Amino acid sequence: MQCSWKAVILLALASIAIQYTAIRTLTSKPFQLCPLPSPQNCGLGGQETEPPYERGGCEDYPYFSINATRKTHVLVLATTRSGSSFVGQLLNQHQEVFYLFEPLYHVQTTLIPRLSHSRYAADRRVMLGASRDLLRSLYGCDLYFLESYIKPPPSNHTTDKLFRRGASRALCQQPVCDAFSPADVNVEEGDCVKKCTSLNMTLAMEACREKRLVAMKIVRVPEIGDLRALVEDPRLNIKVIQLVRDPRGILSSRIETFRDTYRLWRIWRATGRRPYNLDLSQLTIVCEDFLSSVSTGLSHPFWLKGKYMLVRYEDLARNPLQKTKEIYDYIGLPLDKNVEDWIQANTRGSNEPSAKHKFGTVRDSAANAESWRLKLSYEMVEYTQTVCHKVLRQLGYKSVRSVDELKNMSLSLVQDRTFVPFL
């Protein structure tokens, strides 16, 4: 007897759910975080009424102690090809920041090895619960929790499979890595991967606990509303930076970067004819998620008070130092020299073909942010504007009405808009 396709999908989802439950049950600690600080716990002046948990006690969550109650947890919420790596590095350069690059990559590759737009809603539900649990643990500097998702599993809490380990300064410095001296403040990601030995998760946890702020950037949570349970958790002090970019620019960048996935879009661009089997959800989902998420954030719900900032990639590209200062004011850290030096080095650029850095001068950075106008056909831009007109208008991106207007780079399509943090 043949099974229907619905039965096959249900069985697959059930298998994924069982796998996730097994990971949570068998390989992680009991989810019993230290209670909120009070005279009865965490050594805040009174007698402990009961011993701390074997794992998950007060000593394992230092941000609940007197000296660390002000530890801040920053979450950069973005989508792929929106400039999130650049924003993450702006935070990563600060000496008091422990930064992780896209830790949810491991959740996706374990639970959903191959994402399918046709199963987007189901895959999203599977991802969200696991993602929130992992983020909550990582903000508590419990990197052991991440081991459940790393393949192959770490041995004796050591691994060389952490995704983009070299993108985190804290994981390329002492005590985690002895290959570089404290004076080496500009260690390249490739050099870190090459010279540092396998990552010791215990040492990484110690490094995390020493920092004043824990920051992560993620592109695998679609909307800010999906994070409400995390934002409202009183044991965390989360500040969300939602990074947005013109959807036309995102589409153009994805076509260039993900060549196989966006092959039909490249055919449309090259021939001027839209393939009949083009997966339009690759664009529509971006705009739908942006619209829902930004609408929530800008409506200022009570649960986001003091915890939400919207940043346009184009504003950051045009005025990197000014926007970075605004970001640091929002998260409550002074802008140190390492950050300023990194901005100078990575926004200076060169007109030579061999220029090392992706971001040019302030003027060149702005041009880079709108370079999609020279790459997309007018028909593709017109279609994107039709599908995404609501979010384009909400975020202050101008539409074009002709090929000449599209290609006229002296005319910016980014309106002057001010998005202040919700304080």
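**Ground rules**

I number residues from 1 along each chain as its sequence is written, and my side-chain values use heavy atoms, with hydrogens and water left out. Since I have a predicted model, local features need pLDDT of at least 70 and side-chain atom pairs count only at pLDDT 80 or more, while totals for chains, interfaces and linings use all residues.

**Entry: the chain as a whole**

I started with the secondary structure and got 17 helices and seven strands in the protein chain. Helices (H or I, at least four residues) and strands (E, at least two) are DSSP runs, numbered from the N terminus.

Next I looked up burial: 52% of the 423 residues count as buried. Buried means under 20% relative accessible area, exposed over 50%, and partly exposed in between, with a 1.4 Å probe and protein chains only.

**Entry: disulfides**

How many disulfides does a search of the whole structure find? I got four, taking a disulfide as a pair of cysteine sulfur atoms within 2.5 Å. Counting bonded cysteines along the chain, I wrote down the pattern 1-6, 2-4, 3-5, 7-8. I looked up three of these pairs, as follows.

*Cys-141 and Cys-208.* The sulfur atoms are 2.0 Å apart. I noted -70° about the S-S bond, a left-handed link. The pair links distant parts of the chain, 67 residues apart: Cys-141 is in the loop between α4 (120-139) and β3 (158-159), and Cys-208 is in helix α6 (residues 201-210). Cys-141 is buried at 0% relative accessible area, and Cys-208 is buried at 0% too.

*Cys-172 and Cys-192.* I have 2.0 Å between the sulfur atoms here. Why is this disulfide left-handed? Because the torsion about the S-S bond is about -90°. The partners are 20 residues apart, with Cys-172 in the loop between β3 and α5 (189-195) and Cys-192 in helix α5. Cys-172 is buried with a relative accessible area of 4%, and Cys-192 is buried with 0%.

*Cys-177 and Cys-196.* The sulfur atoms lie 2.0 Å apart. The S-S torsion is about -95°, so I marked this disulfide left-handed. Cys-177 lies in the loop between β3 and α5, and Cys-196 in the loop between α5 and β4 (199-200), so the pair ties together parts 19 residues apart in sequence. Both Cys-177 and Cys-196 are buried.

**Entry: aromatic rings**

I then looked for ring pairs and found six. Rings of Phe, Tyr and Trp (its six-membered ring) pair if their centres lie within 6.5 Å; planes under 30 degrees apart count as stacked, over 60 as edge-to-face and the rest as tilted.

Which residues do ring pairs link into a cluster? I noted Phe-101, Tyr-105 and Phe-163.

Phe-101 came up again when I checked charges over rings: Lys-217 lies over its face, 4.4 Å from the ring centre. The criterion is NZ of Lys or CZ of Arg within 6 Å of the ring centre and within 35 degrees of the ring normal. I also noted Arg-274, whose charged end sits over the ring of Tyr-383 at 5.2 Å from its centre.
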